[in-house]
Structures are given as C-alpha cells and as structure tokens.
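Trainee: I am new to this structure. Can we go through it in short questions?

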Amino acid sequence: MEIPVEFLLEKTIVVVAVFTISLVIAMYSTYAERKVSALLQDRIGPNRAGPLGLLQPLADGVKFFMKEEIIPSSANKALFILGPSIAMMTACLTGAVIPWGSYLDFNGVQVALQVTDINIGVLYIFAVVSIGVYGVMIGGWASNNKFSLMGAIRASSQMISYEIAMGLAIIALIMTTGTLSIGEIVQQQTTDWWNIVYQPLGFFIFMVCSFAECNRTPFDLPECEAELVGGYHTEYSSMKLGLYLFAEYINMFISSAVMSAFYFGGYDIPYIETLNLDQNMVTILGTLFFFTKIILFIFLFMWVRWTLPRFRYDQLMNLGWKIMIPLAIANIIITGACILIF
Amino acid sequence: MANIIFYILSGITLCSALFVILSKNPVYSVLSLVITFSCITGHMLLLSADFLAVVNLIVYAGAIMVLFLFVIMMLNLNDAAAQPGKPFLSKLAAFVAGGLLLISLVYLLKGQQTGHIDLSTLDNNFGSAQELGKILFNEFLLPFEITSVLFLSAMIGAVMLGKKDLKDY
Amino acid sequence: MQLTNRSKVVVDKKMTFMERIYIPAILGGMKITLSHLFKKKATIQYPEQQREFSFVYRGKHILKRDEQGRENCTACGLCAVSCPAEAITIIADERKKGEEHLYREEKYASLYEINMLRCIFCGLCEEACPKDAVYLTEELVPAQYNRKDFIYGKDKLVQPLGTSAHPKTYKPYKK
C-alpha cells in the first residue's frame, strides 16, 4: 500500500488546521462564556488582560499550569492521569469527520476541507462520544473518593441516557438523507432545503441531548459547583482539571459544528450559486458562514446556561427516558410514515 | 503497511486479553477488555468492515463495558483479598466449561480454509450500512427478527426485575 | 392589604399542556436574559472610577476644633451614653492654666477612644453631642492586621490643626 506524499502533506495540513482551530475556538469559548455571562447579568466581564480582556484565556491557561499539581496519595496514579487524557483526546478526535468547507482549488489540485469523509461518519462521532464516557468514569473512580465516584456515576449515567435519545434522533435524520457520511449529508443540503425543514423535532431532541452530552446547564449536574460537591473532578487540580474543563468546551464547539452540519446546511450559503462566484471564493465564504453558525450555536449554549436553573437528578432521568426517548421514537415513526407516503 | 498494523494490533489484542484474566483488580480487567474491543474494531477496519467496526465500538466498548464498569465500581470489588475463595466445585466447572469452549473453537477454526483475499478487488460499498442492511433484511430476515424479539423479551424481563413491588405501581 | 399590584395569590391549579411542556416559559426566560444583553451595565471600574458617597454617609469619626483651633469636646460623656454599641471610652480632665488655647471648655477629654470594631456607625454620638464636637466624616476606616489598631485614640480622631472646614465638607479622600 503506497501512500503518496502530496496526500500525506495535504491531510497533515488539514489535520493541524482543524486541531488548531478547535483549540483556539475552545479557548475563546471560555472567554466568551465569561463575557456572555457578565453581559446577561448586567456586568462587563473580563477587561483587564489585554484589550477588551482578550488575553484572558492565556492568563487562565498560565494560571492552570502554575497551580500546584495534587495527586491524592490514595488515588490510582496511572488511571488518575489517564482520565483527563481520555476526555481531552476524545474531544479532539471528533473534529476529523466534520466537513469544514467544500474544497479549495489550487490549479487543478482539489483540497477538501475535511480530514476524512468516511462513509460512517455519523456513527464515528457516536463511537468517539461513547468512549468519552470513560474519561469521566476512570477519573472519578481513580480519585478514590466517594463523592468523585458518585459524581462519575451520575455523569456517565446521564451521558449514556441521553446518548440513546440522541442516536434515535439521528436515525430519523439518516432515514431522510439515506447516508451515514457527514460530507454527503451537507452536500445534499446545498441543493435541497436544509434538514431543519424536514426534521424540526429531530433537531430539537438532538439539541437538548447535546446540551446533556456536553454537561451544560440545565444538565450540568456532573460538575455542579454548588450543591453536589463538584463531581467526578473533585480531586483534580492544576492542568488535569483544566483538561477536563477544556474538553467540555471543545465538545461544545464540536456539537455546535455537528448541529449546524446536520440540520443547518453546514457550509451551504443559500442561493450563492446565483452570484457566479469563483469556486475558492464560494468555499471560503461557506466556511466563514459555517463558523458563524457554529458561533451562534455556542452563544445559544451560553445563553441557555445563564437563563435556566439546573435540573434535579430524577427530573433529568425522567426527561431523558420518559420524554426524550418516546419523542425520538415518535419522530422516527412520523418520519417513516412521511417517507412512505411522499 | 497493513501487515505491520495487523501485527501491532494483534499483539495489543492478545496482551490486553491476557491481562483481562490475569489481573487481580476487576477494574483493570474491564479496562483491558475495553482495549481488546478497541483493537478488534481496528481489525474489522483492516478487513473493510467499517459499519461493523464502529457498531462494535459503540455497543461493546461504549455501552456494555461502561455498564460493567458501573457495577464493578459500585460494588467496589477492587479488594481481591477480601473476597472469599471460590469452592473447588466451581473452579472445576469453570475449567471444564473453558476447556469445552477451547475445543469447540479449535474444531471450528480447523475446518476453515485459509487464504488471501485481495481487498482491492472488493466492491467500494463492501461492509457499508447499505450492504449489511440488504443482507440482514433479505437472507437473514428470520434470525434477525427472532433476535430482536429475544432482546425485547430480555428488556421487559429487566424492567420487571427492576421494579421492586408491582403493587406500588 | 395589597401593597403592590405585582403580588399574586398562590394557587395549586393543574398546569395546562402548554405550561407542562415548559417551552413557552423557557423562551420567555431567554427573552428576558437577552434583553439584559443590551441594558446599561452596573459595573464601576473601581480603581479608575469611584462611586459617589451618599450625602448622609457616615464614616470615621472626627473630634472638631473651633475657629481658634481649640477642641470642642468637654467630656460630658453623652456620646458614650448614647452609643448603642458601647464603643466610646472617655476620661475627663480639668483644664490647667495656660491650656486655654487647646481646649474651649474648662473640662476636656484626656482620653477619647472609639473602638472601631464595635462601632456600628449609627451616628447617635453625633446627634447626642451638645458641643458640636463629634462628627462622622466620609472617611473610611481602613483594615488593620491587629485588633488593637482598631481602637482609635485622640491622635487619630481629633481634627488636624489648620483644617477648619465644616465636617461634612471635610473629605480627605476627595481631591
């Protein structure tokens, strides 16, 4: 099996770009989180570090690195380190299958703005997300602390429960698109309506479940600071805690990207073909438009966080199992009926 | 290239599978079983069975093993010394059952013909969800449906067991 | 008695379907938070920007002098009696010959201490004083490391010579 050098080079550049962009966006999500929360509460937010406080994420990062690294003496050292590593790794892996744009044309050489368009991209995302649960579980268990363990079990049962409804919501989407490849799903939306038109209920379920998957309010029981003794990361400090928190922001970025790719046309700008622009121009504009959508979704995540209070655990489970899953199944049945009739 | 990956994956698979039964700590056993499943997923990818590979990862590594881990962490079985020794009879039963499994596996594999399949001659759609669906819902429709009924009954049974007292509901 | 028109009677009625799916209520809440995005911010950029004190602000005490620089206080003890926190300690003394330029009355306070940890800054001493001697300024009582540093004696309380302004306009923090 020979792999051409150009191919390797092209993919390496795309991988590095995707990696960097997701890290930078996650970094500035922390800044945006503080800024949005401040603005929604009639405050100003960080404005001391650099102009408009733009260097605040760097300052936070330096703070995390400088803090004392504590590994509890009774903790399982190897697994204690493995936990946040898995959380961070799985968070970064998902970006590989998302189409960030169509393709750029360099004198006939076409460079796709997607790391890989595997024909099971949707399932790949699910697989990576389901592996992400281990980061939480291992971290909570390795701390050798009752509260961490309880927090880990709370977090992972929440993630598993909402994964089911999320998967069922996606099945309805796959029924309408007929493909598991994300590149193809986005491609279909460039010529057709966006999937939100066909799957409004599916989108709603998917959105609520991705809130739960990312541990965002109103589903942030895994890490509630106030009343449940933190959670799985109670014993963590310094950059290990930072990795957990940072992975959450990357997950938020990725789920915003997935939502906009699945339901809001990805890099598709409606009626751009009527302008007769150059292909490269269309691609760049499309990518920018995609990122605009992603940022709007990230804002939605934050907006909801600073509006709604947190669920109680039994309410969370009731919502997941007794409302979201039946709704998702009903959505599948309705979608199937519609496909059969039309 | 594929060969190198195959040997590395096989090595990791065998080591982690051995560690599952040799490790004293049940949590380590479960985690190495997860690694085994992930490596098997890699093998499936090498055989271009993409759909099966990812579903294997989702179902086994992502869902079932998490539940195993749940139970083991909740029961706190990590103290091996605190557990009572198994009676001789159960050890014997385990040995016999394991030996029978080994014999049947060896017998099964003996009959298989070995040979090389050129993966490049395979259809591009090989192993995809469409192909698998067509096979499942045409050739193997009856076993598939029977299996799903089995799962349904198992699910209902679990719900019934999970309810403490039916009179309360 | 109805105090405001915003008060509501609590009823435990069954929620309608629209109320039970909560989505209209959630959207209403999100509308409110979004409107706050554009509201005027309450933040004051502290070191650069300082908030105006209220006109009736009561801070650190001051023992006044009259126009000729003599202490007004005659150690009558009314401030100590009126103090609800019992923060004031006074020891009276008789004015000697030759001290007329220091003390206005024939009796003066040789010791006047206010325990700032006990003081609640109610201003009753200021109201009780018949001699116009004790006033509460807009000065803040700073934090200290030792408890004994909070007991302010005459060295800290008496108005410095030469600053014969009215106590309410005596604002050392204002430039």
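This is a predicted model: local features need pLDDT of at least 70, side-chain atom pairs count only at pLDDT 80 or more; totals for chains, interfaces and linings use all residues.

## Contacts between and within chains

Trainee: How many salt bridges does the rule find across the interface of chain A and chain B?

Mentor: A salt bridge is a side-chain nitrogen of Lys or Arg within 4 Å of a carboxyl oxygen of Asp or Glu. Across the interface of chain A and chain B, the rule finds zero.

Trainee: What kind of model is this?

Mentor: Residues are numbered from 1 along each chain as its sequence is written, chains are lettered from A and ligands numbered from 1 in the order in which they are written, and side-chain values use heavy atoms, with hydrogens and water left out.

Trainee: What area is buried between chain A and chain B?

Mentor: Here 24 residues of chain A are in contact (heavy atoms within 4.5 Å) with 25 residues of chain B. Buried area is the accessible area (1.4 Å probe) that two parts lose on being put together, summed over both. Carbon and sulfur atoms give 80% of it here, and the total is about 2,100 Å².

Trainee: Which element gives the most to the side of chain A that touches chain B?

Mentor: Two residue pairs are in polar contact between these chains, both at pLDDT 80 or more. Helices (H or I, at least four residues) and strands (E, at least two) are DSSP runs, numbered from the N terminus. On this side of chain A, α4 (121-142) and α5 (146-177) give two or more residues. The most, 11 residues, come from α4(A).

Trainee: How many charged residues are on that side of chain A?

Mentor: Ala, Val, Leu, Ile, Met, Phe, Trp, Tyr, Cys and Pro count as nonpolar, Asp, Glu, Lys and Arg as charged, and the others, Gly among them, as polar. The side of chain A that touches chain B has 18 nonpolar and six polar residues, while its charged residues number none.

Trainee: Which three residues supply 37% of the area that chain C buries against chain A?

Mentor: The contact takes 16 residues from chain C and 15 from chain A. About 1,400 Å² is buried, 65% of it on carbon and sulfur atoms. More than any other three residues, the suppliers of that 37% are M30(C), T33(C) and K41(C).

Trainee: Which side chain joins T307(A) in a polar contact?

Mentor: T307(A) sits in the loop between α10 (279-305) and α11 (313-341) of chain A. A polar contact is a pair of N or O atoms within 3.5 Å; within protein, one must be able to donate a hydrogen and the other to accept it, and residues adjacent in sequence count only if both atoms are side-chain atoms. At 2.8 Å, the partner of T307(A) is T33(C).

Trainee: Which residue forms a salt bridge with R48(A)?

Mentor: The rule finds one salt bridge across the interface of chain C and chain A. Its closest N and O atoms are 3.1 Å apart, and R48(A) pairs with E48(C).

Trainee: How far apart in sequence are the parts that E105(C) and K131(C) tie together?

Mentor: The two form a salt bridge, with closest N and O atoms 3.5 Å apart. E105(C) lies in the loop between β2 (88-94) and β3 (107-115), and K131(C) in the loop between α4 (124-128) and β4 (134-136) of chain C, so the separation is 26 residues.

Trainee: Is E163(A) buried or exposed?

Mentor: E163(A) belongs to helix α5 of chain A. Not counting residues up to four places away in sequence, it touches F126(A), V129(A), S130(A), V133(A) and E213(A). Buried means under 20% relative accessible area, exposed over 50%, partly exposed in between (1.4 Å probe, protein chains only). The value for E163(A) is 12%, so this residue counts as buried.

Trainee: How far apart are the closest C-alpha atoms of chain B and chain C?

Mentor: Two pairs of chains are in contact, and chains A and B share the most contacts. No contact joins chain B and chain C; their closest C-alpha atoms are separated by 22 Å.

Trainee: Over which residues of chain C is the pLDDT below 50?

Mentor: Chain C has a mean pLDDT of 85, and 91% of its residues reach 70 or more. The stretch below 50 has six contacts beyond near neighbours in sequence, and covers residues 171-175.

Definitions and conventions:
pLDDT is the predictor's confidence in each residue, from 0 to 100.
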